[in-house]
Amino acid sequence: MKNNAPIQFEECERERLDEIYDNVAPYSEMQKNEKYFLNGIIRYFKPAKILEVGVASGGGSAIILNAIKDIPGAKLISVDYCEKYYGGNTDKLSGYLVDEKFSHLKDKWTVYRGGDISRFIEKVGGDIDMLVLDTAHIHPWETLNFLCILPFMKLNASWVVLHDINLQCVEERDEDLACRYLFSHVVSDEKIMPVSDYDFYFANIGAFRVVDDTVKYVRNLFESLLITWDALPGSFDKKFFPHAAIMRSEDISDIKNIINKYYPEYTEFFGHIVEAQNIILRNKVNDYKRRWRGIRDTIRLHLLKLIAGNKKVRL
């Protein structure tokens with residue numbers, strides 16, 4: 001992939017992030033160059049309205065707020081699926097870092113917690129200049145998130161920063177393909193990655209410009225939803241799906257409302273996709289249960305033979 005960026009964003013106004021780096025670094029889940037990339041792309045384009053989806057501790061929120069603090073009228077709207085920080089047993093709210101260490105920047109910050117972006121996007125409203133998307137990483141979350149946000153973004157004048165586009169390369173994270181699917185399937189005239197801390201082609205953060213063709217070829221994204229989901233609608237057993245993420249019925253309902261309203265031509269298609277994923281889930285569960293019963297019965301038989309052998313008793 002050729003990097004057509006006007007500059008290397010990770011080199012843009014690094015001193016801006018340097019001012020707060022030590023206070024952010026322990027809380028942000030981005031690598032060093034990824035933090036500078038996020039800071040730099042904001043400093044270069046100076047977006048007035050930024051939507052951040054996926055907040056966690058608030059490390060990214062702090063970087064963004066610091067980057068826009070001198071931009072007149074600029075604001076950050078953050079949305080997190082969780083009310084409380086997901087990364088441990090704590091009563092701290094998602095984004096707690098902003099409250100604790102960057103409260104002086106909160107006049108530019110609005111945060112919504114406790115639901116998917118589809119629930120809040122109409123409150124967020126249109127004219128979004130930049131989207132920073134860093135959510136579950138389990139397919140199809142990032143693609144669904146982007147589809148719900150796309151109608152509210154400025155065409156040919158807005159950018160999407162997508163984190164963890166190569167997370168599947170990390171040991172034990174090979175299931176986390178959602179960001180790679182979105183980055184690969186979305187159509188844009190510019191897709192940019194920084195010089196990675198490791199290797200350019202495996203940079204774990206990227207950006208793309210939202211253009212007319214992004215909308216024109218949005219079917220690419222809907223078709224990518226045919227790939228088997230790892231965020232599963234309804235209830236499921238963690239014993240059989242240890243890497244899966246739950247998708248609540250209200251999430252599906254909220255997403256369907258946005259699809260119906262802003263992509264009416266795909267309403268029926270999306271309904272069939274959800275139905276198909278539910279069938280796939282049921283079949284998987286039944287298949288795993290059959291396998292589990294087979295393994296359990298085999299183990300039980302071997303144990304019985306072992307016990308019988310020790311007692312010199314024939315079965």
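Where in the chain is the place of Gly54? In this predicted model, Gly54 lies in the loop that links strand 1 (49-53) with helix 4 (59-68). Gly54 has a relative accessibility of 15% and counts as buried, because buried means under 20% relative accessible area. Leaving aside residues up to four places away in sequence, Gly54 touches Val79, Asp80, Asp134 and Thr135. Gly54 and Ile117 are 63 residues apart in sequence, and their C-alpha atoms are 9.3 Å apart in space.

Seven strands make up an open sheet with mixed pairing, in the order 3-2-1-4-5-7-6. Strand 3 (109-113) and strand 6 stand at its edges; each has a single partner strand, so one side of each is left without a neighbour in the sheet. In general, the strands of a sheet pair through backbone hydrogen bonds, in either a parallel or an antiparallel manner.

Both kinds of pairing can be followed at strand 5. Strand 5 (residues 158-163) pairs with strand 4 (residues 130-133) in the parallel sense, over four bridges. Within this pairing, Val160 of strand 5 is the bridge partner of Leu131. Between the two strands the chain passes through helix 7 (residues 141-149), and this β-α-β crossover is right-handed. Strand 5 is also joined to strand 7 (residues 205-210), by six bridges, and these two strands run antiparallel. Here Phe208 of strand 7 is the bridge partner of Val160, while Arg209 of strand 7 is the bridge partner of Trp159.

How many of the residues of strand 5 are buried? Six of its six residues are buried, and the strand is mostly covered. Ser158, Val160 and Leu162 point one way from strand 5, whereas Trp159, Val161 and His163 point the other way, and all are buried.

Helix 8 (residues 178-185) is likewise mostly covered, with six of its eight residues buried. The buried residues of this helix are Ala178, Cys179, Arg180, Tyr181, Leu182 and Phe183.

Asp251 belongs to helix 11 (residues 249-262), and Asp251 is buried, with a relative accessible area of 0%. When residues up to four places away in sequence are not counted, Asp251 touches Tyr81, Asp116, Ser118, Arg119 and Trp141.

Which residues form a nonpolar patch on the surface? The patch consists of Ile7, Tyr44 and Phe45, which together have about 230 Å² of accessible area. Tyr44 is found in helix 3 (residues 32-45). With a relative accessibility of 37%, Tyr44 counts as partly exposed, because that class lies between the buried limit of under 20% and the exposed limit of over 50%. Asp251 in helix 11, by comparison, has a relative accessible area of 0%.

Technical notes:
Residues are numbered from 1 along each chain as its sequence is written. This is a predicted model: local features need pLDDT of at least 70, side-chain atom pairs count only at pLDDT 80 or more; totals for chains, interfaces and linings use all residues. Side-chain values use heavy atoms; hydrogens and water are left out. Buried means under 20% relative accessible area, exposed over 50%, partly exposed in between (1.4 Å probe, protein chains only). Contact means heavy atoms within 4.5 Å. Patches are made of residues with over 30% relative accessible area and no salt bridge: like charges are joined within 9 Å, nonpolar side chains (Val, Leu, Ile, Met, Phe, Trp, Tyr) within 5 Å. Accessible areas come from the Shrake-Rupley method with a 1.4 Å probe; for residues, only the protein chains shown count as cover. A salt bridge is a side-chain nitrogen of Lys or Arg within 4 Å of a carboxyl oxygen of Asp or Glu. Two strands pair if DSSP finds at least two bridges between them. A crossover is right-handed if, with the strands pointing away from the viewer, the path from the first strand over the helix to the second runs clockwise.
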